[in-house]
Amino acid sequence: MGPEDERYMAEALRQAELAAEAGEVPVGAVAVLGGRIVGRAGNQRELLKDPTAHAEMLVLTQAAAETGSWRLDGITLYVTLEPCAMCAGAMVLGRVKRLVYGAADPKAGACGSVLNVIDHPALNHRVPVEAGVLAGRCGAVLREFFAVRRRAGESDE
């Protein structure tokens, strides 16, 4: 982990915070190619009414549009939460160069926690992973979001 990883993860955290402000689960992602951000997003499932509108999926689409190719072999993807099976599968299919994530997801993580889609030996591409970058901050954003929601639910009773 280097200062570049922390800098780009901080931008992914900003995207997560924007998602939280919009009422979305606060997960943010940033795609980087050659030191340049080519995609950034937070979750937009509620906004778009789309179960696939995870931050990672949106960023992969943006990066493909920016580069003009579905082959994202030069892209490093920064995500605040360990990707799920859908997102990890999309990274493998898109041939992402590297994944950097913050907080582990012990319930649905597919990059080593619950499943390991990102490095499955049966698949034709494996994505190297750097886990735990700014993990404390990434986890705190999620914990705070869900704590507020729980308190709001209690006050509605």
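**Aromatic pairs and sheet packing in a predicted model**

Residues are numbered from 1 along each chain as its sequence is written, and side-chain values use heavy atoms, with hydrogens and water left out.

Colleague: How are the rings of Tyr8 and Tyr78 arranged: stacked, tilted or edge-to-face?

Modeller: Planes under 30 degrees apart count as stacked, over 60 as edge-to-face and the rest as tilted. The ring centres of Tyr8 and Tyr78 lie 5.3 Å apart, and their planes stand at 40 degrees, so the pair is tilted.

Colleague: Is Tyr8 buried or exposed?

Modeller: Buried means under 20% relative accessible area, exposed over 50%, partly exposed in between (1.4 Å probe, protein chains only). Tyr8 has a relative accessible area of 3%, so Tyr8 is buried.

Colleague: Which class of pair do Phe145 and Phe146 form?

Modeller: Their ring centres are 5.1 Å apart. Phe145 is buried at 10% relative accessible area, while Phe146 is partly exposed at 33%. The planes of Phe145 and Phe146 meet at 80 degrees, so the pair is edge-to-face.

Colleague: What is the order of the strands in the open sheet?

Modeller: There are five strands, with mixed pairing (at least two DSSP bridges between two strands). The edge strands, each pairing on one side only, are β2 (36–42) and β5 (129–131). The order is β2-β1-β3-β4-β5.

Colleague: Which residue of β2 is the bridge partner of Ala31?

Modeller: Strand β1 (residues 28–33) runs antiparallel to β2, and six bridges join them. In β2, the partner of Ala31 is Gly39.

Colleague: What angle does helix α1 make with β3?

Modeller: Helix α1 (residues 3–21) packs on the sheet, touching β1, β2, β3, β4 and β5 (contact: heavy atoms within 4.5 Å). Axes are lines fitted to C-alpha atoms, for helices over the stretch in contact, with angles from 0 to 180 degrees between N-to-C directions. The angle between α1 and β3 is about 50 degrees.

Definitions and conventions. Predicted model: local features only at pLDDT ≥ 70, side-chain atom pairs only at ≥ 80, totals over all residues. Helix = DSSP H or I, 4+ residues; strand = E, 2+ residues; numbered from the N terminus. Phe/Tyr/Trp six-rings, centres within 6.5 Å; stacked < 30°, edge-to-face > 60°.
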